[in-house]
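Thanks for coming. I have one structure to go through this morning, and I will take it piece by piece.

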Amino acid sequence: MVNGKGYTVSSKSFTMKRLPLTNKIMLQNYLKIALRNLLRNKVYSFINICGLAVGMAVAMLIGLWVWDELSFNKSHKNYEDIAQVRGIETDPNTGITDGLESMQFPMGAVLKNNYKPYFKHVLMAFWTGSYTLSNDTKKIHSMGKFFEPGVIDMLSLKMLKGNINALNDPHSIILSASKAKAIFGDADPLNKTLKIDNRMDVKVTGVYEDLPRNTEFSEVQFFSPWALWVSSNEWIKKCENSWGNNSFSIYVQVQSNTSINAVNTAFKGFYSRNIPKELVKEWAKYKPELYINPMKNWHLYSEFKNGLPAGGRITFVWLFGIVGIFVLLLACINFMNLSTAQSEKRAKEVGIRKAIGSVKGQLVFQFLSESFLVVVLSFGLSLLLVELVIAWFNELSDKDLSLPFSYPFFWILNVAFIIITGFLAGLYPAFYLSSFQPVKVLKGTLRLGRLAAMPRKVLVVLQFTVSVVLIIGTIVVYQQIQYARNRPIGYSREGLVTIPMNDPNYFGKQDVLKSELLKTGVVAEVAMASGPLTAIWNNESSYTWQGKDPELYSEFGILQVTHDFGKMVNWQLLAGRDFSKAFVTDSLGVIINETAAKYISSKHKSSNELIGRYIKTEDGKTSWHILGIVKDLVMQSPYEPVRRTFYFLDAQYTATAILDLKIKPTVSANVALPKIEAVLKNIVPSALFDYNFVDEEYAKKFSQEQRISKLATFFAILAIFISCLGLFGLASFVAEQRTKEIGIRKVLGATVANLWQLLSKDFVILVMISCIIAAPIAYYFMNQWLQKYTYRTEISWWIFVVAGAGALLITLLTVSYQAIRAALMNPVKSLRTE
């Protein structure tokens with residue numbers, strides 16, 4: 001036979017042979033015992049398995065999300081060597097350092113000629129934009145980018161048709177596979193002709209595999225040569241030798257024998273060595289510097305401080321990574337608490353095993369094997385949960401995640417995940433249970449006492465501290481979004497529709513277009529502008545005015561508009577008047593926003609005194625008189641200060657790029673849009689009817705914060721759910737443990753309310769302690785998060801009250817079921833064994 005110490009004992013010779021601590025027979029035995037315990041304690045088993053499964057599922061989802069974030073842009077083989085050229089300059093008046101993403105046209109040639117040893121590629125590009133691709137049979141909206149030919153090699157595009165030289169022809173285009181299919185179906189697209197915005201003729205010279213979603217260029221559906229864009233835009237040709245226009249992107253790929261840091265060192269003093277000598281002295285006061293920002297920073301470090309990368313989504317990667325660990329820890333705490341809570345039930349088993357010779361190592365291994373069985377079952381359930389919710393989670397997080405079952409590395413990670421979780425959940429209970437002294441256990445003198453429950457209480461406090469911190473964080477994020485949403489934006493978004501005027505056939509037909517649109521009866525106002533209402537496309541700094549400090553660096557946002565623009569957006573005049581067709585001189589007038597007025601009127605007692613004063617170009621060749629001052633229009637980030645902005649009249653439609661409409665409030669969009677489309681097709685049949693609602697475009701500015709808010713809410717709910725599962729199990733155990741006490745109290749006259757209070761009090765105290773600990777922690781971290789917003793909400797006291805009250809209410813609801821159930825039990829049943 002086999003004794004408890006693992007020896008084989010012969011009754012004839014009394015010889016003993018040592019067996020391994022974990023032989024096959026013992027493992028089978030441990031497995032049988034573990035399964036019996038799971039089946040015997042169904043409620044506790046359900047809580048343990050479900051809690052761990054949810055915790056592991058959350059950890060998996062967050063792990064997939066974090067991996068996707070950390071692998072952003074890594075699909076490009078040259079990921080480590082690709083960078084974008086950026087600049088830094090300091091405002092001599094305020095001392096504030098700012099970054100420049102767009103560069104000057106001549107810089108590309110300077111980098112190619114003077115810094116050739118450092119770069120494999122120096123590529124000029126224009127920003128990603130919305131264009132219309134058309135042929136004789138089809139017109140389709142597409143996102144595209146104009147790049148120099150080396151882009152195929154630099155971005156390691158996988159060419160399905162064509163080759164690395166596909167963009168060498170100035171009139172070529174390469175399409176993504178999905179866009180090629182959308183335009184040409186199953187036909188071979190090579191050598192087929194297309195028009196870009198009905199003005200640039202191109203030939204399809206290649207098709208590349210769609211880029212994955214987690215890359216900076218994922219939305220780009222075609223690439224076309226930079227040379228084509230330059231030759232098709234007169235304004236760009238004028239910039240070829242100009243160092244005063246920052247409108248272009250420059251991407252580089254560094255040579256394999258150098259580094260990003262080496263290039264940045266070589267760039268020290270770039271401007272003083274490479275710009276025209278007559279500009280050196282003037283530019284010196286801005287302390288301009290040049291550097292390259294590596295691709296690995298583009299996504300995770302997209303926020304800038306003093307012109308340099310200073311954070312961004314990496315904050316959320318760390319935050320959600322920590323949340324995932326804590327949520328898994330909450331589930332492991334449930335296992336620890338319930339395992340140690342049932343210690344008295346397992347005490348005799350431990351005593352008997354030790355009495356017949358089991359060593360502590362065997363007992364530890366037995367209890368760990370039980371925890372690993374639970375973890376393995378939970379892992380299987382967690383995979384099922386992830387598969388069920390991953391589509392919804394992708395929609396929530398704006399990702400394209402999936403479980404990579406076919407990758408061996410995935411299973412290696414999961415084995416490690418199971419082992420870590422198994423030890424995390426089972427190590428403490430295993431050592432705790434195996435530490436009982438057999439003499440006390442078998443004599444019946446083992447008394448765990450009040451101190452035995454202390455570790456469980458600490459773990460419950462930890463659980464609810466994490467949950468309350470998540471609740472407070474979720475409320476603060478929501479408050480910040482609502483605070484920015486409720487910010488006065490200076491104009492009415494209701495019913496506003498913008499239509500890009502990319503097609504050259506719009507020009508010369510603007511007046512007819514406006515007249516016909518108003519005749520439809522569904523359009524209240526029509527105006528045109530050089531840019532949208534939800535962004536500032538153009539910035540200028542070459543303005544001066546009476547009393548301006550010559551050393552003052554002054555950049556203003558520029559928007560050119562037609563006469564009815566102000567009436568259409570319903571902007572609010574603070575002083576002066578709007579543009580009017582009754583005054584021919586308004587073509588040399590300007591309306592400025594409130595922020596610009598305050599900036600310019602620093603020498604005046606009141607900004608109203610600015611009406612009638614002049615703003616001039618620095619060379620003095622052109623001047624505009626100030627007609628009016630309007631309340632600030634929030635055109636960019638709703639979280640940041642409004643930019644100083646000038647609104648110039650474009651009565652001759654020389655710069656119009658956007659058609660703005662206001663649909664009548666009594667007409668629905670479903671009725672209005674078909675009529676608007678019919679007018680456009682009649683007057684400009686070659687144009688694609690592409691439109692955006694201004695309120696929807698403005699809402700997109702909140703998308704990242706809303707996504708973070710939804711993810712935080714999701715994780716907070718799951719954390720609370722896991723905590724409540726554990727609390728329910730502990731409440732059930734306490735009620736079971738105190739069954740006889742409850743019976744005696746009832747016999748002596750205790751009411752249900754008295755017993756409910758008795759059983760709930762300890763849990764309420766623990767949650768209150770959690771709230772007290774969670775409040776300063778949550779305040780610190782959320783206050784740090786809010787600091788990145790200039791326009792931000794305050795963290796009010798009521799947030800902590802609501803979070804605490806919510807946690808207490810959830811606790812009472814969770815505990816009350818077991819407490820009331822125990823209080824209603826017939827005392828005769830609980831006392832009949834006495």
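T132 is buried, at a relative accessible area of 12%. Buried means under 20% relative accessible area, exposed over 50%, and partly exposed in between, with a 1.4 Å probe and protein chains only. Setting aside neighbours within four places in sequence, T132 is in contact (heavy atoms within 4.5 Å) with K139, I140, K195, I196, D197 and L688.

Some ground rules. This is a predicted model, in which local features need pLDDT of at least 70 and side-chain atom pairs count only at pLDDT 80 or more, while totals for chains, interfaces and linings use all residues. Residues are numbered from 1 along each chain as its sequence is written, and side-chain values use heavy atoms, with hydrogens and water left out.

Now the overall picture. The protein has 27 helices and 28 strands. Of its 834 residues, 50% count as buried. Among contacts between residues at least 6 apart in sequence, 77% join residues at least 24 apart. The accessible surface comes to about 39900 Å², with 58% of that belonging to carbon and sulfur atoms; the areas are from the Shrake-Rupley method with a 1.4 Å probe, and for residues only the protein chains shown count as cover.

The largest nonpolar core has 120 residues, and W65, Y491, F565 and F715 have the most contacts inside it. A nonpolar core here is a set of buried Ala, Val, Leu, Ile, Met, Phe, Trp, Tyr and Cys residues joined through side-chain atoms within 4.5 Å. Helix 2, residues 42-70, gives the largest share of this core, 16 residues. A second, separate core of 51 residues includes V110, M124, M200 and W243.

Back to Y491: not counting residues up to four places away in sequence, Y491 touches residues including L533, V569, N570 and Y698. N570 is in the loop between helix 19 (565-569) and strand 22 (573-576). N570 is partly exposed, at 49% relative accessibility, and has a positive phi near 60 degrees without being a glycine. Y653 also has a positive phi, about 60 degrees, and is not a glycine, but Y653 counts as buried, at 16%.

On to charges. How many salt bridges does a search of the whole structure find? The search finds 18, a salt bridge being a side-chain nitrogen of Lys or Arg within 4 Å of a carboxyl oxygen of Asp or Glu. R313 and E69 form one of them, at 2.9 Å, N to O. R313 is in helix 12 (residues 313-341) and E69 in helix 2, 244 residues apart. E69 also bridges to K399, with the closest N and O atoms 2.2 Å apart. K399 is in the loop between helix 14 (360-397) and helix 15 (408-433), so this pair ties together parts 330 residues apart in sequence. R313 and E69 are both buried, and K399 is buried too.

A local case is K519 with E516, at 3.4 Å, N to O. These two are three residues apart in helix 18 (residues 510-519), about one helical turn. K519 is exposed, at 59%, and E516 partly exposed, at 30%. Elsewhere, salt bridges that share partners join D68, E69, R313 and K399 into one network.

That is the tour; I will take questions.

Note on methods
Helices (H or I, at least four residues) and strands (E, at least two) are DSSP runs, numbered from the N terminus.
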